[in-house]
Amino acid sequence: MPPIISVSKLDKIYPSGFQALKNINLDIHRGEIFALLGPNGAGKTTLISIICGLVRPSAGTVMADGHDIVRDYRAARSKIGLVPQELTTDAFETVWATVSFSRGLFGKPANPAHIERILRALSLWNKKDNKLITLSGGMKRRVLIAKALSHEPQILFLDEPTAGVDVSLRKEMWQVVRSLRDTGVTVILTTHYIEEAEEMADRVGVINNGEIILIENKAELMRKLGKKQLTLQLLQPLQALPPILEPYQLELSSEGDEIVYTYDTQRRHNDITDLFTDLGRAGIAFKDLQTKQSSLEEIFVKLVRSPT
């Protein structure tokens, strides 16, 4: 099945000479949640703006569900819903009027049943007659999602969808996004909250200095680049590690009562078995052990700090 979004050899150079995007190549699969991560100024919003037809590229092509975003703008744009980062809405319109009007902007005929389905799915139905000025920030963000879905797009872009939203509401929003994916909508999100990508994404792309530096299945990324730590709490403190344990590059705590072993997740599993065997040979006993794996945030920081 062809990708629902295909970006090829995409560049963006502004009149000032600043190159915001450099040779971006990216395919997004139909029906996935794709998280685009990157530090401030990395090019995330520029890339989204080009794919959504809001900014013209300097070079390269973008296809949205088979339509060129430049040559066939209307057809391509009709496939896309965009939820911007900024909460820009007409404060004195009702929720129902705002979402219905957004559908009309795409030339779609009135469909009250569809608007009702969206508002119910986003827990906005009981607010349909409320003016936007009376809504909380979290509810306003839900209205933006409803507007983006009003014309029945196949692709939904969420630019920092939970920025400024408290933790409990953020988790509710995650569930909304998952339910949208379950209906067949392809979701692309940018986020500063690494746990958001870790919780929801099927694949992760990392952009830095206008270049895509990695695209990977989330689980595979964590398997390839993650580290595991094994911490052993010793029965008796040690003054120093014996020579037999030098190959493992262990860390001994300052109190001498813990040993930490850091290893790659891809390394052979019998490394730990060998460690336990050598601990026994050295007469070192432990009373407890704990393991910890790198988070996606730690992997991300490592990637963007790596020299290019």
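Which residues of H1 are buried? In the predicted model described here, local features need pLDDT of at least 70, side-chain atom pairs count only at pLDDT 80 or more, and totals for chains, interfaces and linings use all residues. Residues are numbered from 1 along each chain as its sequence is written, and side-chain values use heavy atoms, with hydrogens and water left out.

The buried residues of H1 are Lys 44, Thr 46, Leu 47, Ile 48, Ser 49, Ile 50 and Ile 51. Buried denotes under 20% relative accessible area, exposed over 50%, and partly exposed the range in between (1.4 Å probe, protein chains only). Helix H1 spans residues 44–51 and is mostly covered, with seven of its eight residues buried. Gly 53, which follows H1, has a positive phi near 80°. Helices (H or I, at least four residues) and strands (E, at least two) are DSSP runs, numbered from the N terminus.

The secondary structure of the protein comprises ten helices and 14 strands. The protein has 308 residues, of which 41% count as buried. Its accessible surface is about 15700 Å², and carbon and sulfur atoms account for 50% of this; accessible areas come from the Shrake-Rupley method with a 1.4 Å probe, and for residues only the protein chains shown count as cover. Among contacts (heavy atoms within 4.5 Å) between residues at least 6 apart in sequence, 69% join residues at least 24 apart.

In soluble globular proteins, nonpolar side chains tend to be buried together. A nonpolar core is defined as a set of buried Ala, Val, Leu, Ile, Met, Phe, Trp, Tyr and Cys residues joined through side-chain atoms within 4.5 Å. The largest such core contains 37 residues, and Ile 145, Leu 156 and Leu 158 have the most contacts inside it. Helix H5 (residues 137–149) gives the most to this core, contributing six residues. A second, separate core consists of 25 residues, including Leu 26, Val 62, Ala 64 and Phe 157. When residues up to four places away in sequence are not counted, Leu 156 touches Gly 81, Leu 82, Val 83, Ala 148, Leu 149, Leu 180, Val 185, Thr 186, Val 187 and Ile 188.

An open sheet is formed by four strands in the order E2-E1-E4-E5, with antiparallel pairing. Strand E2 (19–28) and strand E5 (67–68) stand at the edges with a single partner strand each, so one side of each is left without a neighbour in the sheet. Two strands are taken to pair if DSSP finds at least two bridges between them. Strand E4 (residues 59–64) and E5 run antiparallel and are joined by two bridges. His 67 in E5 is the bridge partner of Ala 64.

Most residues other than glycine have a negative phi, and most peptide bonds are trans. Glu 152, although not a glycine, has a positive phi of about 60°. Glu 152 is located in the loop between H5 and strand E7 (155–159), and is partly exposed because its relative accessible area is 37%. Asn 209 likewise has a positive phi, near 50°. The loop between strand E9 (203–208) and strand E10 (211–217) holds Asn 209, which counts as partly exposed at 48% relative accessibility.

Asp 278 is part of helix H9 (residues 270–281). Asp 278 counts as buried because its relative accessibility is 10%. Apart from neighbours within four places in sequence, Asp 278 is in contact with Ile 244, Leu 245 and Tyr 248.
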